[in-house]
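User: Please take me through the sheet, a pocket and the helix packing of this model. Keep it brisk.

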Amino acid sequence: MYQTVTEGLQTLYSKKLLPLEETYLFHDFHSPALEAADFQSKPMVLLVGQYSTGKTTFIRYLLENDFPGMRIGPEPTTDGFIAVMYGENEGIVPGNALVVDPKKPFRKLNAFGNSFLNRGNGTCEVIHRAVIEAAGYDFAEVLRWFGERVDRIILLFDAHKLDISDEFSEAIRAFKGQDDKIRVVLNKADQVDTQQLMRVYGALMWSLGKVINTPEVVRVYLGSFWAKPLQNTENRRLFEAESQDLFRDIQSLPRNAALRKLNDLIKRARLAKVHAYIISYLKKEMPSLFGREKKKEELIMRLPEIYTILQREHHISPGDFPNVTKMQDMLQHYDFSKFPSLKMKLIESVDKMLASKIAVLMSMIREEESKQPPAMVSGGAFEGSHDGPFGQGYGEGISAGADAEDWIISRDKHRYDEIFYTLMPVNGKITGVNAKKEMMNSRLPNTVLGKIWKLADCDKDGMLDDEEFALAQHLIKIKLEGYELPAELPDHLVPPIHRKNPTAEALYNHSED
């Protein structure tokens, strides 16, 4: 039994999946072998965008702090990679030094060579920044490498620059298979008015639809992610809600990190199995002595057909197969006769891992979550205004009147009383039948009105007095304004005569006088 989920993932990979990968040259064709740092690393977010879309400013906005070496402004090239990490001391780490650190999950970037690493440098303060940048390497392949290892991929767009260049299209396509990790941020949205923003949003979705081929629409966050006044304030509430949604999404990453690594391991195992079937099939079809080169060319040309054969024979989903064109290009450099034959013992070992061992880890994830407090991203903008008067929704909707001395509903109670006394109250209360007739005028669904009735009927006697009726009308007003109803009635909305605090009624009567 494993002590932790991380230990379990690492053990399963090294004992079950790694032997299959090494036998069938998986690391040469697809992805380097995973190391301990890949399993133990903290969650990572990959931020990708075209030039001058606000990438550095976005990071600066989240950190609420400058980091050494940061440059805000148009850059002549956008093919650099910057790693911003936590560190005890401020400093710069060159790219070549970063990729030899066994505690960092970047060692396998060595495979992209000095052209990728030579111009690298990094800085560190309370955060740690490492820069890896250079021309003369397979940019899309590096993006694919990062995409497989990060927890979230954020594509950054500028409201004034929606054109997706050929290079950026290629970069986005490098994330194929990682669609669940992708989020889109439409930055600088305050620089256009509401009508223009609707057009910009539609144009962005249309452009993305041509590049990201998924049945589900990718999540887009609108806003202005920098600490300067909004140029157009008519959508302020929308931008605040969107930024809080984005913050919540990022804050959920530590809590879901183990589940993400488990999911990535399953995807890797499925690909490794398919790769083993392909390699062993090519080996089986090769002649023993003569005509090897000719047969090799024939098999490469027939690779789409071979995919179909293996799909039927082993009941494999078409989406599990690697890109056929890329596979054909890579196979040109190998001698098929030296490929290993199919070893069912290795395949069965991986199948057993997927069928039983993974389920054990899934249950362990839930156990770890229940025993430990949820891990959250903290610091910078995440410490911002969750509490206090600048928190999202403070003083709005159900929270309105929370810090007022009087009962907020008393301000409109005279209007509600006029309606109340037309409903023929008996002994100061109206029946549910009479209340229903009035509440139905709001045209809210019965499920919503039923919830409002439960919240307003404070003494649970099936009738409403004048204060309970005023409360019900107030809750209807809140819902009609687009706010959500609470599961339980907040203390500040409880009618004074139904409060346990005897001074509350006196305060209410004083305000009425």
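**Sheet, pocket and helix packing**

User: In S6, which residue is the bridge partner of valine 45?

Analyst: First, the basis. This is a predicted model, where local features need pLDDT of at least 70, side-chain atom pairs count only at pLDDT 80 or more, and totals for chains, interfaces and linings use all residues. Residues are numbered from 1 along each chain as its sequence is written, and side-chain values use heavy atoms, leaving out hydrogens and water. Strands (E, at least two residues) and helices (H or I, at least four) are DSSP runs numbered from the N terminus. In S6, valine 45 has as its bridge partner arginine 152.

User: Over how many bridges do S1 and S6 pair?

Analyst: Two strands pair if DSSP finds at least two bridges between them. S6 covers residues 152-158, and its pairing with S1 is parallel. The number of bridges is five.

User: In what order do the four strands of the open sheet lie?

Analyst: The pairing is parallel. The edge strands, each pairing on one side only, are S1 (45-49) and S8 (220-222). From one strand to the next the twist averages 25°. The order is S1-S6-S7-S8.

User: Which helix supplies the largest share of the lining of the second largest pocket?

Analyst: A pocket is an open set of points on a 1 Å grid over the protein atoms alone, where a 1.4 Å probe fits, with protein on both sides within 12 Å along at least five of seven lines; lining residues have an atom within 4 Å of a point. This pocket is lined by 47 residues, with Arg144, Glu148, Lys176, Gly177 and Gln178 nearest its centre. Helices that each supply at least two lining residues include H7 (139-149) and H8 (166-173). The largest share, eight residues, comes from H11.

User: What is the volume of the second largest pocket?

Analyst: Volume here is the space filled by probe spheres set on the grid points, which are joined across faces, edges and corners. The value is about 1,500 Å³.

User: How is H11 oriented to H13, parallel or perpendicular?

Analyst: Axes are lines fitted to C-alpha atoms, for helices over the stretch in contact, and angles run from 0 to 180 degrees between N-to-C directions. H11 and H13 (residues 303-314) pack at about 115°, with axes 11 Å apart. Angles under 35 degrees count as roughly parallel, over 145 as roughly antiparallel, 65 to 115 as roughly perpendicular and the rest as oblique. That makes H11, relative to H13, roughly perpendicular.

User: What is the term for the angle of H18 to H19?

Analyst: H18 (residues 446-456) and H19 (residues 466-480) pack at about 140°, with axes 9 Å apart. That makes H18, relative to H19, oblique.
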